[in-house]
Amino acid sequence: MTTELVLQAGGATDVGKRRTHNEDTVLVRDDLSLYLVADGAGGHNAGDVASTLCARSMSNYFGATIRATHERPEFNRFGIPNGARRLSAAVLKANRDIVEISRTSQAHRGMGTTVVAACFSPRSGLMHVAHVGDSRCYRLRAGHLELLTKDHSLLTDVIEQRPELDDQVLARLPKNVVTRALGMDEQLRVSIRSYAVVEADRYLLCSDGLSGPVSAPEIAAALGREETPSEIAQRLLALANAAGGPDNIAALVLHCAGGHTHALPADSVPPPPPELFSMAGDFDSDQSDPELLILGIEDLDISDGPESASDDLLRALGDLIGSKRS
């Protein structure tokens, strides 16, 4: 059962206790059902330009695609939510805009920004979440706090690829290095997920200036208060400043009234029609399709000891550990 989804949103930023310039941006566009937090970085105080440009570019993209969105079905024929694809496309458009300005303006060279963004689809009751970098999205549901995003950071990448490393080695890694950000390169991978909204859900989009100094229990307690989203956002900023305010702080809180009364998988749509399975091409009828196709595996020659996509990271890690030991 689904009732009409009504959203209440409130967000705020603060410079923190140790910075002189605020490079975080919060966007609340109820008319577009678009919400985001961007955490900028770069020389000459250009981080605020990058984060502001990210918010402006994404809102412009959403405004320009309203009609096309209404004309399309909620899911494509593969069962993929079109709203999620729209949000990802908006992030990629913002990245191209930031890269272009960074390359053509000396004052803005090297600027970049992380982003975590959410958009809601009233027809399906789904929330789509996209993120790049270490800005996060949390969800409080029935008193349980969940982290819905995974940081694109050096520490995360190293743990995924080298889980056997000693904690003493991990402790020497810099904690503020992100491996993905808007403005780094024209090619960008955006992490995107879709979630069924349940009535009374609360979502938090925030920069690492909040998630770093404020503990998960404190975040959960603040989100669970009987206050407006704006009041909760201000409370979270105060908690971060009370913990030392080591960075700029951004918080955006969403309260969901209505929506699903229970959660369902975001891909709960009929399977694609059988004719779609013939789109991959004609195969020899005497041969069965392989159970699993691994991209590029047919070109892999183990005897040659090929380099993997993670080799550059592992080499960089080795150099970093070696330099810190010397």
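Which residues is arginine 136 in contact with, leaving aside its neighbours within four places in sequence? In this predicted model, those residues are Val116, Leu147, Thr149, Asp151, Leu204, Leu205, Cys206 and Ser211.

**Arginine 136**
- Arginine 136 is placed in strand S6, which spans residues 136-141.
- Its side chain and that of aspartate 151 are joined by a polar contact of 2.8 Å.

**The largest nonpolar core**
- This core holds 26 residues, and the members that touch the most others are Leu36, Cys54, Met58, Leu87, Val91, Val115 and Leu182.
- Two or more residues each come from strand S3 (34-41), helix H1 (47-64), helix H3 (82-104), strand S4 (112-121) and strand S5 (126-132).
- Helix H1 gives the largest share, 6 residues.
- Not counting residues up to four places away in sequence, cysteine 54 touches Ala38, Ala94, Ile98, Thr113, Val115 and Leu182.

**Aromatic rings**
- The whole structure contains 2 aromatic pairs.
- Because phenylalanine 120 lies in strand S4 and tyrosine 203 in strand S9 (residues 202-206), the pair ties together parts 83 residues apart in sequence.
- Tyrosine 35 is buried at 1% relative accessibility, phenylalanine 120 is buried at 6%, and tyrosine 203 is buried at 0%.

**A charge over a ring**
- The charged end of arginine 86 sits over the ring of phenylalanine 62, 4.0 Å from the ring centre.

Methods. Residues are numbered from 1 along each chain as its sequence is written. This is a predicted model: local features need pLDDT of at least 70, side-chain atom pairs count only at pLDDT 80 or more; totals for chains, interfaces and linings use all residues. Side-chain values use heavy atoms; hydrogens and water are left out. A nonpolar core is a set of buried Ala, Val, Leu, Ile, Met, Phe, Trp, Tyr and Cys residues joined through side-chain atoms within 4.5 Å. Buried means under 20% relative accessible area, exposed over 50%, partly exposed in between (1.4 Å probe, protein chains only). Helices (H or I, at least four residues) and strands (E, at least two) are DSSP runs, numbered from the N terminus. Contact means heavy atoms within 4.5 Å. A polar contact is a pair of N or O atoms within 3.5 Å; within protein, one must be able to donate a hydrogen and the other to accept it, and residues adjacent in sequence count only if both atoms are side-chain atoms. Rings of Phe, Tyr and Trp (its six-membered ring) pair if their centres lie within 6.5 Å; planes under 30 degrees apart count as stacked, over 60 as edge-to-face and the rest as tilted. A charge sits over a ring if NZ of Lys or CZ of Arg is within 6 Å of the ring centre and within 35 degrees of the ring normal.
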